[in-house]
Amino acid sequence: MEIVRAYFRSPAAIVGLFLLLVVIAMAASASWLFPRDPLALAGRPLVWPFTNPRFPLGTDNSGRDIAAQIFYGARISLLIGGVATVIAVLIGIVIGAVSGYYGGWVDNVLMRITEAFQTLPNFLLLLVLIAVFGSNINTVIIAIGIVSWPAPARLTRAEFLSLRNREFVQAGRTLGLKDLKLIFGEILPNALPPVIVYASVVMAVSILLESALAFLRLSDPNVASWGNLIGLGRDVLRVQWYVSAIPGIAILLTVLAVSLVGQGLNDALNPRLKGR
Amino acid sequence: MRVLSLAGRRLAASIPTLILILVGVFLLLQFAPGDTVDAMMAQMGGGDARTAEDLRRFYGLDLSVSAQLGNYLWRLVRFDLGFSAIYGKPVATVIAERLPATILLMTASLSFAFFFGLILGVIAARGVNKWPDTLISTVGLIFYATPSFWFGLMAIVVFSIYLQWLPAGGLSDITSTATGIRAVLDTARHLILPTLTLGLIFLAIYLRIMRASMLEVLNLDFVRTARSKGLDETRIITRHVLRNALLPMVTLIGLQAGTMLGGSVVVESVFSLPGLGRLAYESVVQRDLNTLLGIIFVSALLVITVNFIVDLIYARLDPRITTGV
């Protein structure tokens with residue numbers, strides 16, 4: 001309760017939550033407001049926004065409803081942000097926890113691998129993964145999760161390093177708890193808050209990564225993704241710039257919402273750090 | 001000298017990382033559907049199975065995976081990155097042609113982001129929680145959330161199509177025959193929009209870190225001492241606070257080098273710059289796996305080099321690092 005009150009004390013956090021709820025509502029109401037396939041032909045191509053009441057946001061190069069694509073795109077972005085983040089954070093937690101808890105050569109090997117992942121530009125690794133495994137939406141989501149785990153892993157490891165010799169852990173060890181139980185039952189709950197806050201960063205980056213892939217036409221062309229629409233609009237940028245402009249604003253607001261919520265959570269969970 | 005040996009040791013420690021990356025990506029690429037020969041055959045408009053077999057033997061693709069990996073690493077030791085069948089040139093040549101544009105773009109963006117991030121961060125920290133701080137922090141948040149390629153496209157719409165102030169792409173004007181200073185100015189004009197586009201998100205990150213770091217240092221005892229000595233505020237900021245507050249910024253350059261290289265893939269595609277990132281994209285589309293692997297190697301080297309330089313700067317800013325405390 002205290003945390004909720006602390007969260008709502010920040011206007012930025014409230015704006016973020018509001019924006020996020022709007023995006024979620026868009027995703028939820030997409031098939032109800034636009035029962036037809038968003039990628040199906042709907043009318044004349046390149047209708048400007050606000051000129052035809054049937055297409056409030058206009059149509060794209062091939063006559064598909066932009067508003068419908070924006071609403072369905074919210075689903076894709078949330079799906080990608082959500083699932084890729086869960087994958088990245090889970091891998092990160094397991095590797096970071098094992099590495100920080102055991103130390104020694106285990107830590108050495110795992111940190112070497114983490115370092116390799118961090119030395120390799122993650123967008124390049126993403127390109128390699130897409131080149132190898134194809135650009136199906138599931139593959140894209142998993143690939144984004146795979147390139148995003150090193151930062152959460154380092155964060156978890158740092159938390160474990162500072163927690164593993166605390167009294168409650170020693171007490172658990174004296175009681176004869178198994179390593180697994182100590183790691184996941186005792187230490188992890190204490191190490192989790194900063195990792196969860198960081199998950200908002202991972203989510204924001206995941207959404208941006210997918211949109212960049214889609215813009216380069218390397219993501220799944222068969223889903224209504226905002227990035228796809230921006231890439232499509234590039235062909236008619238000279239005059240009908242709105243085709244690219246509208247989905248870009250949607251991405252911007254979604255990423256902004258996720259970052260603001262993350263920052264709000266951070267301030268609410270660590271009141272000491274407020275204002276940083 | 002100690003600085004160099006320290007940084008040198010860090011450099012030596014990155015060799016296993018480099019090998020790990022190469023072996024990992026090499027093995028990963030074995031799963032790719034179709035190899036270079038398939039791509040070449042497709043380009044030639046098809047051919048019989050015998051030709052494909054001959055070509056595979058010629059490029060050493062008929063060997064076992066471990067033998068191929070061994071061959072590749074052995075050639076790498078001699079700085080031979082193999083041959084790009086798509087471009088018909090050695091991979092090293094292809095990459096060397098594309099590297100300058102990327103390095104130019106990265107240096108420009110980094111300088112832009114670092115310089116303005118520093119200034120805006122200092123302004124925000126000095127007026128903490130007043131309107132300049134709120135304004136700068138809000139703008140920073142928006143920049144952070146902007147997809148770079150979209151910003152690039154919108155910048156093209158405004159500055160190249162409507163206002164016609166700046167060129168929309170390329171590295172130089174193909175119709176111009178200018179040399180010397182005129183050619184440099186021409187390239188600089190072409191680089192303005194790409195630099196802003198790539199640098200924007202880093203500007204947002206730098207100003208945020210700079211603000212936080214300034215706030216932290218401003219509360220330290222030595223700043224209070226300097227104030228009580230009667231030094232004026234500007235002098236305290238420039239001589240005492242800035243040097244200490246810069247440390248996290250410098251660390252960040254090393255951490256972000258890879259991200260920036262990744263970002264250049266997209267930015268170079270938007271502005272059709274002949275750089276490494278665009279080459280990476282093209283080699284993915286054309287299944288030129290040899291070139292892709294070469295790019296991975298060179299990018300990893302680039303990131304390691306940036307980190308080496310960061311180590312040197314770090315030691316210069318903070319003498320405690322070299323005295324081994």
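Helices (H or I, at least four residues) and strands (E, at least two) are taken here as DSSP runs, numbered from the N terminus. Counted that way, chain B has twelve helices and two strands. Its order along the sequence is α-α-α-α-β-β-α-α-α-α-α-α-α-α, and its C-alpha trace spans about 85 × 55 × 40 Å along the principal axes. Chain A comes to eleven helices and zero strands, so the pattern along its sequence reads simply α-α-α-α-α-α-α-α-α-α-α. The C-alpha trace of chain A spans about 75 × 45 × 30 Å along its principal axes.

The model is predicted: local features need pLDDT of at least 70 and side-chain atom pairs count only at pLDDT 80 or more, while totals for chains, interfaces and linings use all residues. Residues are numbered from 1 along each chain as its sequence is written, chains are lettered from A and ligands numbered from 1 in the order in which they are written, and side-chain values use heavy atoms, with hydrogens and water left out.

Now to the helix packing, beginning with a pair that spans the two chains. Helix 11 of chain A (residues 242-269) packs on helix 6 of chain B (residues 131-145) at about 120°, with the axes 8 Å apart. Axes here are lines fitted to C-alpha atoms, for helices over the stretch in contact, and angles run from 0 to 180 degrees between N-to-C directions. Helix 11 of chain A and helix 6 of chain B are therefore oblique to each other; under the scheme used, angles under 35 degrees count as roughly parallel, over 145 as roughly antiparallel, 65 to 115 as roughly perpendicular and the rest as oblique. The crossing of these two helices is right-handed, a label given when the near helix is turned clockwise from the far one by less than a right angle, with anticlockwise being left-handed. On the chain A side, A:I251, A:L252, A:V255, A:L256, A:S259, A:L260 and A:Q263 meet B:L141, B:I142, B:Y144 and B:A145 of chain B, where contact means heavy atoms within 4.5 Å. For the classes, Ala, Val, Leu, Ile, Met, Phe, Trp, Tyr, Cys and Pro count as nonpolar, Asp, Glu, Lys and Arg as charged, and the others, Gly among them, as polar.

Within chain A, helix 6 (residues 137-147) and helix 9 pack at about 130°, and their axes lie 10 Å apart. That angle makes helix 6 of chain A oblique to helix 9 of chain A, and the crossing is right-handed. A:V140, A:I144 and A:V147 come from helix 6, and A:S206, A:L209, A:E210 and A:L213 from helix 9. Five of these residues are nonpolar, one is polar and one is charged.

The contact joins B:L276, B:L279, B:A280, B:S283 and B:V284 of helix 11 to B:T291, B:L292, B:I295, B:V298 and B:S299 of helix 12. These divide into seven nonpolar, three polar and no charged residues.

The structure holds one cavity of 30 Å³ or more, and the largest cavity contains about 50 Å³ of space. A cavity is a set of points, on a 1 Å grid over the protein atoms alone, where a 1.4 Å probe fits but cannot get out, and lining residues have an atom within 4 Å of a point. Grid points are joined across faces, edges and corners, and a volume is the space filled by probe spheres set on the points. The lining consists of A:L124, B:L261, B:S264, B:V265, B:L276, B:G277, B:A280, B:I295 and B:S299. Helix 10 (233-270), helix 11 (276-285) and helix 12 (289-317) of chain B each give two or more residues to that lining. By class, the lining has six nonpolar, three polar and no charged residues.

Finally, a couple of backbone details. Most residues other than glycine have a negative phi. A:R217, not a glycine, has a positive phi of about 60° and is found in the loop between helix 9 (179-215) and helix 10 (226-233) of chain A. B:S272, likewise not a glycine, has a positive phi of about 35° and is found in the loop between helix 10 and helix 11 of chain B.

Definitions and conventions
On a 1 Å grid over the protein atoms alone, a cavity is a set of points where a 1.4 Å probe fits but cannot get out, and a pocket is an open set with protein on both sides within 12 Å along at least five of seven lines; lining residues have an atom within 4 Å of a point.
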